[in-house]
Amino acid sequence: MLQFENTQYAHIRIDPTQIGLRAGLDVHRLTLTAELLPSGLEHSSMLCEAEAELYVSSPSWRWLATAKPMRIRLTNHNHAALQLAFPLTNQQLLALEEHRAGQDLSVELQISTFLQFSHASAESREQFRVPASVWQTELERLGTSFGFALAIPIPAPDGAQRDAAVYLQDARRLLHDGEFDKAIGSARQAMERILAVTDWPAISKNDDLFQRSQAQRWRAIYKAAFDQASGAEHADEVTKDFSYSRGEAEALIGIAASLLRAVPVPGV
């Protein structure tokens, strides 16, 4: 509840089943409505300035995002809707997924308000739980604009693994610049450095696939990805007309980063 001066107050109601996620480019919007029911206002109708912040609730309480300040009109005994939109990055959504671990999402909304002219102010913290089924449905609405992020490791100060990480960073930059073929080429360079520090044995097309060892299967994954990435060079009659999409470039960079993570870090 928002308690202003004297007997002026406003009850707050939040329906956690009406929360929404709107897809953006790397940054999405979490939308929700806080319904205010004022009573005892000094005047029958008053303008109110409102700010809101969103937090993850305990046990790991932390700030998530701030909504754009809003101005609404409050009228005694009439409901007023505070429409809030919070920017959330892909990484923040992934952190929320890790936090809730398949359960309901527990969050806290902190609302700060003051009435114009009278300058009476009030704050309130409202905790609520978004049902897991509702949250999962909203995540699915984001479609391909939301995905799992894969950090590119920097496992050593020098050597082949460090070089592979540098090539992957370059691949990510080229991807953002729209240079898909060049990005794939950098991912291929990274794969070459990764192979240099592995003990994955050679494989043959005559192998019994079911009899391959764990290391041989890693080599097969590497070989398939490397062959696909090599097509971005358009160096022969078969690959000269290959055309790669952004999604394919992302996939090959992600595979290369995953292979780098599968290689033991020196000294560990």
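This is a predicted model: local features need pLDDT of at least 70, side-chain atom pairs count only at pLDDT 80 or more; totals for chains, interfaces and linings use all residues.
Hi everyone, and thanks for coming.

Let's begin with the whole chain. Its secondary structure comes to 6 helices and 10 strands. For overall dimensions, the C-alpha trace spans about 85 × 40 × 35 Å along its principal axes. The radius of gyration is 26 Å, whereas a compact globule of 268 residues would have one near 18 Å. Buried residues account for 41% of the 268 residues. The accessible surface is about 15000 Å², and carbon and sulfur atoms contribute 50% of that. As for contacts, if we take those between residues at least 6 apart in sequence, 67% of them join residues at least 24 apart.

Now to my helix pair, α3 and α4. Helix α3 covers residues 160–176 and helix α4 covers residues 180–196. Their axes come within 8 Å of each other and cross at roughly 170°. An angle over 145 degrees counts as roughly antiparallel, so α3 is roughly antiparallel to α4.

Which residues make the contact between α3 and α4? On the α3 side they include Ala 160, Ala 164, Tyr 167, Leu 168 and Leu 175. On the α4 side, Phe 180, Ala 183, Ala 187, Arg 193 and Ile 194 are among them. Sorted by class, this contact has 12 nonpolar, 2 polar and 4 charged residues.

While we are on α4, have a look at Ala 196, which sits in that helix. Is Ala 196 buried or exposed? Its relative accessible area is 60%, so Ala 196 is exposed. Ala 196 and Gln 161 are 35 residues apart in sequence, yet their C-alpha atoms are 8.8 Å apart in space.

Asp 208 is partly exposed, at 43% relative accessible area. From Asp 208 to Leu 96 it is 43 Å, C-alpha to C-alpha, with a separation of 112 residues in sequence.

Next, the strands. Arg 29 is in strand β4, residues 27–39. With 41% relative accessibility, Arg 29 counts as partly exposed. What does Arg 29 touch, leaving aside its neighbours within four places in sequence? Its contacts are Gly 20, Leu 21, Arg 22, Ala 85 and Phe 86.

Where is His 77? You will find His 77 in the loop between β7 (70–75) and β8 (80–89). His 77 counts as exposed, because its relative accessibility is 58%.

My last stop is Ser 133, in helix α2, residues 132–141. Ser 133 is exposed too, with a relative accessible area of 53%. Between Ser 133 and Ile 221 there are 35 Å in space, C-alpha to C-alpha, and the two are 88 residues apart in sequence.

If you keep one picture from today, let it be α3 and α4, roughly antiparallel, with their axes within 8 Å.

Notes. Residues are numbered from 1 along each chain as its sequence is written. Side-chain values use heavy atoms; hydrogens and water are left out. Axes are lines fitted to C-alpha atoms, for helices over the stretch in contact, and angles run from 0 to 180 degrees between N-to-C directions. Helices (H or I, at least four residues) and strands (E, at least two) are DSSP runs, numbered from the N terminus. Angles under 35 degrees count as roughly parallel, over 145 as roughly antiparallel, 65 to 115 as roughly perpendicular and the rest as oblique. Contact means heavy atoms within 4.5 Å. Ala, Val, Leu, Ile, Met, Phe, Trp, Tyr, Cys and Pro count as nonpolar, Asp, Glu, Lys and Arg as charged, and the others, Gly among them, as polar. The radius of gyration is taken over C-alpha atoms; the globule rule is 2.2 Å times the number of residues to the power 0.38. Buried means under 20% relative accessible area, exposed over 50%, partly exposed in between (1.4 Å probe, protein chains only). Accessible areas come from the Shrake-Rupley method with a 1.4 Å probe; for residues, only the protein chains shown count as cover.
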